[in-house]
Amino acid sequence: MKKITASPIKRLIAYIIDWYLSALCMSLSICLFASIYQGKLTIDTTISKLPFSYALTSLIVGIILVYIYYVMPQWIAPTYRGQSLGKRVMHIRIVRTDGKDVRSLTIFLRTVIGIILVEETFNNASFVLRSVLGMVIDNQLVVYLYYAFCIVSLISIIMLFKDPLGQMIHDKIAGTFVIDTKEK
């Protein structure tokens, strides 16, 4: 059976679902460390109110939780390999460019390196990363970095439409592309 590249609309809807759920993972980490710091339960997700050590720890734990969010479905059920909850709902999944199933390391490269660190614009974990960076470097530099990452993200979106496999930058980094799993 020939693999059909997923449509940009399906990818966008899956991304919105995953953005929201992964943002909850990041927020959970911030709330946890804000509560530990304040010595009481708090629902404040403003990471810049935390001391740097708490903010950095919260960022690291949050990124781990986001990664777990993306790989957990395939750990629970191998038939979900390459699918986050958003991708599962939209009947799309990630595969390697050779057509084989992705592994946890591939998801790490795609999500943590490609989306959070390289494209770095349209992701909650990236926003938290910029906030923590703003605690140790000049905020104006963080703003310039944000503009640079916006350009990278726009290039990635253009690639989605121009690349034959619909590969964005994070797909190129991980050697993946997204396919439609519904039979046509």
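Helices are DSSP runs of at least four residues, numbered from the N terminus. The structure described here is a predicted model, and the helix numbers below follow that count from the N terminus.

The largest pocket holds about 530 Å³ of space. Its lining consists of 24 residues, and those closest to the centre of the pocket are Arg11, Leu12, Tyr15, Met168 and His170. Helix 1 makes the greatest contribution, with seven residues. Sorted by class, the lining of the largest pocket has 14 nonpolar residues, together with five polar and five charged ones.

One cavity of 30 Å³ or more is present in the structure. The largest cavity contains about 50 Å³ of space. The residues that line the largest cavity are Tyr70, Gly82, Gln83, Ser84, Lys87, Ile94, Ile107, Arg110 and Thr111. Helix 4 supplies the largest share of this lining, three residues. By class, three nonpolar, four polar and two charged residues make up the lining of the largest cavity.

The side chain of lysine 87 meets that of aspartate 18, with 3.9 Å from N to O. Because lysine 87 belongs to helix 3 (residues 85–89) and aspartate 18 to helix 1, this pair ties together parts that are 69 residues apart in sequence. Side chains of opposite charge can pair when their charged atoms come close. In total, the structure holds nine salt bridges.

An open sheet is formed by three strands in the order 1-3-2, with antiparallel pairing. Strand 1 (4–5) and strand 2 (92–96) each have a single partner strand and stand at the edges, so one side of each has no neighbour in the sheet. In general, strands of a sheet pair through backbone hydrogen bonds, either parallel or antiparallel. Five bridges join strand 2 to strand 3 (residues 176–180), and the sense of this pairing is antiparallel. Within strand 3, aspartate 180 stands opposite isoleucine 92.

On the surface, a nonpolar patch is formed by Phe52, Leu56, Ile60, Ile64 and Val136. Together these residues have about 420 Å² of accessible area. Helix 2 (residues 52–76) provides the largest share of the patch, four residues. Valine 136, which is also part of the patch, is placed in helix 5 (residues 124–136).

Methods
Residues numbered from 1 in each chain as written. Predicted model: local features only at pLDDT ≥ 70, side-chain atom pairs only at ≥ 80, totals over all residues. Heavy atoms only, no water. 1 Å grid on protein atoms, 1.4 Å probe; cavity = no way out; pocket = protein on both sides within 12 Å on 5 of 7 lines; lining within 4 Å. Points joined across faces, edges and corners; volume = space filled by probe spheres on them. Helix = DSSP H or I, 4+ residues; strand = E, 2+ residues; numbered from the N terminus. Nonpolar A, V, L, I, M, F, W, Y, C, P; charged D, E, K, R; others polar. Patch = residues over 30% accessible without salt bridge, like charges linked within 9 Å, V, L, I, M, F, W, Y side chains within 5 Å. Areas by Shrake-Rupley, 256 points an atom, 1.4 Å probe, with all protein chains shown as cover. Salt bridge = Lys/Arg side-chain N within 4 Å of Asp/Glu carboxyl O. Pairing = 2+ DSSP bridges.
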